[in-house]
Amino acid sequence: MRRVKILALVLTCMFLVSCQGVRKDEEKTSLRIGISLYRGDDTFINNIRSILEDKAKEYELEKGIKVTLDIQDAKGSQNTQNTQVERFISLDCDVLCINLVDRMDASVIIDQAMTAKVPVIFFNRQPVEEDMNRWDQLYYVGVDAKETAILQGQMVVDLYKEKPEMVDLNGDGVVRYVMLEGETSHQDSLIRTEWSVKTLKDGRVPIEKITGGIANWERSQASAMMEQWLAAYPDTIELVISNNDDMALGAIDAMERAQVTGVNVIGIDGTTPGLEALENGKLLGTVSANKELYASAIVELAASCALGQETPAEYPLTDGNYYWTPQEILIHEIKENP
Ligand code: GAL
């Protein structure tokens with residue numbers, strides 16, 4: 001009799017344990033997502049951050065799962081970011097979304113995440129392939145740099161074909177340009193510079209480089225650089241090619257100070273201030289990633305990993321773990337139909 005009772009008790013316990021295992025996933029009613037930004041004062045990252053917050057709210061309403069975002073600014077320090085990740089894990093975050101400070105230095109974060117079995121969605125600053133291959137719970141959301149650059153070059157190629165006088169401003173058969181580049185260590189900078197120029201050349205725009213420089217994505221650095229170039233090469237610059245909108249806006253600031261008008265400026269990102277400059281014709285064009293999709297891909301992917309679900313089919317992954325956000329050319333309309 002006693003033996004039967006013990007057996008019944010053991011069976012009941014086994015049943016409860018297995019139910020709890022199932023229940024855990026089925027009944028998860030809240031998610032905690034730890035997000036670390038490489039720099040909170042970066043305009044593009046700031047745009048993505050606010051859309052991320054909206055998308056998390058939308059997800060919460062749609063799925064009835066409470067989503068708490070813990071967003072931290074690493075202020076350009078990889079050590080600070082590593083410590084933030086340690087804290088996220090100690091606070092039991094279900095998943096991490098990391099905008100790496102140093103894309104070559106993801107190993108500490110990956111070690112911590114793997115030990116704690118917390119999946120990671122990296123975004124915007126792409127870890128090297130070797131790191132991404134360390135675990136199947138590592139994902140990346142971003143834009144394809146080569147595609148961005150080809151679109152940036154293409155907008156000038158198309159304009160030149162249609163209205164060459166709008167690109168070759170003095171009509172001498174040569175389009176003289178300056179180039180503003182982002183951080184050297186960033187995967188986007190080199191590729192954007194190379195492919196944008198290559199697209200212009202392949203599209204038979206007769207370009208000639210005057211000079212260029214690294215302004216680290218920053219408006220103020222680009223502005224100072226452009227100020228020098230305007231003084232060193234007066235009445236020469238016809239086109240400013242910038243790796244992002246913020247540096248393009250810096251060049252525009254310098255031209256406004258020097259009262260130089262008419263020079264074409266092209267950027268990348270489609271940030272809020274970038275779109276404003278596009279609207280009022282200060283910026284000729286930009287290449288804009290679909291930020292709604294960019295941010296929802298991060299949230300949906302993070303949630304599916306945290307809940308142990310299949311990755312969402314609306315955000316198709318390339319090579320298993322990469323989501324490439326679609327992007328488009330935005331060009332100032334008056335320039336097209338003056
Ligand atoms: C680039 C973007 C830049 C800057 C940088 C930060 O993709 O175009 O504006 O935000 O990322 O990593």
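How much space lies in the largest pocket? About 440 Å³, in what is a predicted model. The largest pocket lies between domain 1 (8-142 + 291-325) and domain 2 (146-288), because both domains give residues to its lining.

**The largest pocket**
- Its lining is made up of 33 residues, and those nearest the centre are Y38, D42, R125, E183 and W217.
- Two or more lining residues come from each of α2 (43-63), α7 (187-202) and β10 (285-289).
- By residue type, the lining of the largest pocket has 13 charged, 11 polar and nine nonpolar residues.

- Two salt bridges are counted between domain 1 and domain 2.
- R125 and E183, both named above among the residues nearest the centre of the largest pocket, form a salt bridge whose closest N and O atoms are 2.8 Å apart.

**The second largest pocket**
- This pocket holds about 230 Å³ of space.
- It is lined by 15 residues, with D94, K117, P119, C305 and A306 closest to its centre.
- Helix α11 (residues 291-306) gives the largest share of this lining, three residues.
- Seven nonpolar, five polar and three charged residues make up the lining of the second largest pocket.

Note on methods. Residues numbered from 1 in each chain as written. Predicted model: local features only at pLDDT ≥ 70, side-chain atom pairs only at ≥ 80, totals over all residues. Heavy atoms only, no water. 1 Å grid on protein atoms, 1.4 Å probe; cavity = no way out; pocket = protein on both sides within 12 Å on 5 of 7 lines; lining within 4 Å. Points joined across faces, edges and corners; volume = space filled by probe spheres on them. Helix = DSSP H or I, 4+ residues; strand = E, 2+ residues; numbered from the N terminus. Nonpolar A, V, L, I, M, F, W, Y, C, P; charged D, E, K, R; others polar. Domains from an automatic or database assignment. Salt bridge = Lys/Arg side-chain N within 4 Å of Asp/Glu carboxyl O.
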